[in-house]
Amino acid sequence: MSVSLVKGQRISLEKSGGGELSVVRMGLGWDAVKRRGLFGRREQEIDLDASVVLFADNQPVDVVFFQHLTSDDGSVRHTGDNRTGAGSGDDESILVDLQRVPVHISQLVFTVNSFTGQTFQEVENAFCRLVDESSGEELARYTLTGGGNYTAQVMAKVYRHGDGWKMAAIGEPASGRTFQDLMPAIAAHL
Amino acid sequence: MAVELVRGQNLPLPGTRLRVAVRAAEPVVVAAVLADAAGRARGTDRVAHPGAPALPGVAVPAGAAARHEVAVDLEALPPGTERLAVVLVLPGGRFGAAEAPYASVEDAEGGTVAGFALSGLGEETAVVAVELYRRQGVWKVRAVGQGYAGGFGELLADHGLARAPQVLRAVADAGRAVAAPAAGATGEHGAVGGAAEAPAAGAPATGFPATGSPAAGPDPGRPTEERLYRQVWGMFEDLARAVAAYRSAVDFAESRMERELERVLDDPAARIGTAAAAAREAARTRCAELVERARAVLDRDVLQLAEEADEVEPALPAALARWDSPAWSAFRAPAEAPRALRLGDLTVPEAPGLRIPMLVALPLERGLWVDSGRGEEGAGDFAPEEADALALAVAVALVVRLTAAHPAGGPALEVVDPAGTAMPALAPLLAAGVLREPPAPGAAGVSETLERLVRRVDLVQMAVRGGAVDALPPGLDPAGLLLLVHDFPHGFDDRSITRLRYLADEGPAAGVHLLMVADREEAAGHGPLLDPLWRSLLRLTPVPEAYLADPWVGHAWTFHPLLPESGSTVLDRAARASAEARRASGR
């Protein structure tokens, strides 16, 4: 039961059968764009990067991205940089062990950037999804392709709600090559 | 990908529909005990056994067999079930008399998630093989292997069921059905291939295997050194990260409190009076509350790691074990070279009681330096001679550990000690034969030894580069060499210093390993010339001192050297056994 998210939509990260989710994965996938070169078709390299910023109240405390693959506390792990989008399925993944997120971390904001600078109009088959890692069930999916003339997106935030976690779809377009460029855009959604 | 578990290790489960497969050398009865978080079963109706094989969410086979499958649906278990223990009962005999049973957990598709060999059992006739348990909403499997010499009754009593005559009778009946001569149907309750594992005809009715029966291959789940090495590193990382989470939460709580207190101060209207006092109080309470929650999480993690450490420590082979471990008290020279060496223990201030073994891979990539100096802290209370004696004791323990942990006596020991001041400490090594002769005295001795070792390193390097390792002279000991340097830089002229630096840089790749006992201050006269030497060595302190950083977060860890208890003869015995092993190998 996957939900195609609409901007602003919020979903609770409780399992349908009750019980809390333990590990969620944010997967990001895209395909290398094919364009015609002088000698036939060539693939243009596109490097999208998934990042997540950990906030305590409204302060950024840690960030997990291609240069810092594991949060210091070990609760958030990036599976590594994919710089071409080669391969099907998720090209980059960020795993969040919700049970191990430090107590003061109240929100996690997921972002996508086009490091090579192409806009999402030029990227083929780009999506981002949130998966319950223990069951493999897709909880939510966003389509990025055809998204317009921007190079980044503040995807979603996962935040504490009572004793559990909720996810809010943000889907805010932005511009920038790395998560640092997005901080002002993120701040608006905390 | 299946994970081989060691006793005490746990692993999150990939789903809630699972099978626990059991393989034993002879027919066993399988039961499942459903318990609450404290491990207590509500009543005998919470035990799945041959007399009542199916409970909500779990079904066990109705008879005894050498192979079993227990089907589990964790979501269907009765409410209040937090732990499910899969139990093996041997109808006659004891587990220690046959090959270790093996339990594996399979997911719904039949893929193996984890396996666990229940090794080390003796007189026990009932054992908890694995436990599926829920921790903070996540189901995990834990390798338990807890045996009960008093049998299934004692096991049930341990789960809060002191009186369960019907359960015991049903299990005994199921067991008898097998021990009786008409045991032909043994396999029918087992799963795939069950019949193939039925005991050989003519096995005694007691269930003991015939004494002459062939041993059944290597124990598949025996914790290998490699796995233990990785597990210890995993514990190290887990503690580093758990402490990082705690420190980060505390830092945040405190900085938030300071901001809130400043805000109260900045507001002239609120600066005095009860409103301000209340605001200050609220800020402090918020801080304390967050710190308390962070501490609770840390305590939970530390407790879990401490449990893991208690399970891992006794399983460690000599090279990785504490001196009070059975691996040393009943030391026998090993048949294979060790994967790694334990240099000491590491602790963080938040969990001073949890000691993480500090392991380095072998062969050593850099030399070791036991610091006899009176550094910033720690050794500061000692007179220089005391610090030197303590550092030498630590070094001697390292020498014994390194040589004894290798087969055939390990690397040969060479000593540079121009004034002979290390001889009292080295006497046991000399007596045992680990050190074959006293070091050559004076500056001439230093020069001669270093020159010989430099020549050796050059020779090995040339042979390796030329692809002619076979052409090395026969006198060259392939097990490598450990050079203990004491009293540096006394007796060292410029050439000797240059040679020592060369050995520190080039030695490890050529099998020459340096162990220095030195006070850096003593060599201060040589100026920055020696800085690269000290930097190239791994510094160890003879007393606990916080100076090591972990590779993940960079906390400062306190290093604790490993020394046997005073009066212990473990070093002498290990040194003699090691020297004996070398003589026996003809080296």
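The model is a predicted one, in which local features need pLDDT of at least 70 and side-chain atom pairs count only at pLDDT 80 or more, while totals for chains, interfaces and linings use all residues. Residues are numbered from 1 along each chain as its sequence is written, and chains are lettered from A and ligands numbered from 1 in the order in which they are written.

Chain B has 11 helices and 21 strands; these are DSSP runs numbered from the N terminus, helices being H or I with at least four residues and strands E with at least two. Among contacts in chain B with a separation of 6 or more, 72% join residues 24 or more positions apart. Two residues are in contact if their C-beta atoms, placed from the backbone, lie within 7 Å.

The core comes next. The largest nonpolar core holds 219 residues, of which Ala32(B), Val87(B) and Val399(B) touch the most other members. H3(B) gives the most to this core, with 15 residues. Such a core is a set of buried Ala, Val, Leu, Ile, Met, Phe, Trp, Tyr and Cys residues joined through C-beta atoms within 7 Å. Leaving aside neighbours within four places in sequence, the contacts of Ala32(B) include Ala48(B), Val58(B), Val60(B) and Val87(B).

Val58(B) itself sits in strand S6 (residues 58-59) of chain B. Val58(B) counts as buried because it has 27 C-beta neighbours inside 10 Å. Beyond four places in sequence, the residues in contact with Val58(B) include Ala32(B), Val70(B) and Leu77(B). Leu77(B) is 19 residues from Val58(B) in sequence, and their C-alpha atoms are 7.1 Å apart in space.

A contrasting position is Ala509(B), found in the loop between helix H9 (494-506) and strand S18 (512-518) of chain B. With 13 C-beta neighbours inside 10 Å, Ala509(B) counts as partly exposed. Ala509(B) and Gln461(B) are 48 residues apart in sequence, with 8.3 Å between their C-alpha atoms.

Two helix pairs illustrate the packing. The axes of H3(B) and H4(B) come within 9 Å and cross at roughly 175°, which makes H3(B) roughly antiparallel to H4(B). Axes are lines fitted to C-alpha atoms, for helices over the stretch in contact, and angles run from 0 to 180 degrees between N-to-C directions; those under 35 degrees count as roughly parallel, over 145 as roughly antiparallel, 65 to 115 as roughly perpendicular and the rest as oblique. Helix H7 (residues 423-432) and helix H11 (residues 570-584) of chain B pack at about 35°, with axes 8 Å apart. Their contact is made by Pro428(B), Leu429(B) and Ala432(B) of H7(B) and by Leu571(B), Asp572(B), Ala575(B), Arg576(B) and Ala579(B) of H11(B).

Finally, chain B meets its partner: 19 residues of chain B are in contact with 16 residues of chain A. On the chain B side, helix H3 (225-266) and helix H4 (274-312) are the elements that give two or more residues. The largest share, eight residues, comes from H3(B).

Methods. A residue is buried if 20 or more other C-beta atoms lie within 10 Å of its own, exposed if 12 or fewer, and partly exposed in between; C-beta atoms are placed from the backbone.
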